Amino acid sequence: MPVPSEYPMQYELNGVRVNIHERVRMQLHDFRQIDLDSFEGFGVLVGSKSTTAKEYWIDKITTPMPDDSATRYTFLMKDAGHQQLIDRCFEESQGEEVYLGTWHTHPQQVPVASQDDKLDFFRCIARNMNRNLFFIVVGTEQTKIYMKKGSRIKLMEMTGDIRAT
Ligand SMILES: [Zn+2]
């Protein structure tokens, strides 16, 4: 079982809770678009879920790789390394660790997912109907997490101790 104190960021929606590992929190923190010429950071989320599928733990993320591309306001994840990490985690954990969504940065203090972001979230969800997925958007002062509720993409509520990353 994951150790609770190692997951300082917790978000809830609709009875589903996601816990973000401290190591992941620090990685996301480092990618904040604080410099005016910084590009978007992005990657996939990997972690485990409880048997009830009500509790999730995000333990690993990927970060931009050589075959990806990005601008200040866009990114395109196309390096095979993202899927390779997902496959490797799945094998090494005997299927415990799976793909749980994506993250990317915005050059906004309080980030808001765009319409294009939400369309992309729906495409990811359509490929993984057997689990909840999470979408982290990292702003310069706050981090937001979205998930699907009913037919819509909704913001999750922060319940952990850390109010901003
Ligand atoms: Zn975005």
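Modeller: Helices here are DSSP runs of H or I, at least four residues long, numbered from the N terminus. Keep in mind that this is a predicted model.

Biologist: Okay, which residue with a positive phi follows helix 2?
Modeller: First the helix itself: its 12 residues, 81–92, should span 16 Å at 1.5 Å a residue, and the end C-alpha atoms are 16 Å apart, so the two agree. After helix 2 comes a residue whose phi is positive, near 55°, and that is Gln-94.

Biologist: What is the strand order of the open sheet?
Modeller: There are nine strands in it, and the pairing is mixed. Strands 10 (152–155) and 11 (157–158) stand at the edges with a single partner strand each, so one side of each has no neighbour in the sheet. Written across, the order is 10-9-8-7-3-4-2-1-11.

Biologist: Which residue of strand 8 is the bridge partner of His-104?
Modeller: Strand 7 (98–105) is mostly covered, with seven of its eight residues buried. Strand 8 (134–138) runs parallel to strand 7, joined by five bridges. There, the partner of His-104 is Val-137.

Biologist: And which hand does the β-α-β unit with helix 3 have?
Modeller: The unit is made of strand 7, helix 3 (residues 115–126) and strand 8. Its hand is right-handed.

Biologist: Which residue of strand 10 stands opposite Met-147?
Modeller: Strand 9 (143–149) and strand 10 are antiparallel, paired over four bridges. Opposite Met-147 you'll find Lys-154.

How values were computed: Residues numbered from 1 in each chain as written. Predicted model: local features only at pLDDT ≥ 70, side-chain atom pairs only at ≥ 80, totals over all residues. Buried ≥ 20, exposed ≤ 12 C-beta atoms within 10 Å, placed from the backbone. Helix = DSSP H or I, 4+ residues; strand = E, 2+ residues; numbered from the N terminus. Pairing = 2+ DSSP bridges. Right-handed = clockwise from strand over helix to strand, strands pointing away. Expected span 1.5 Å × (residues − 1).
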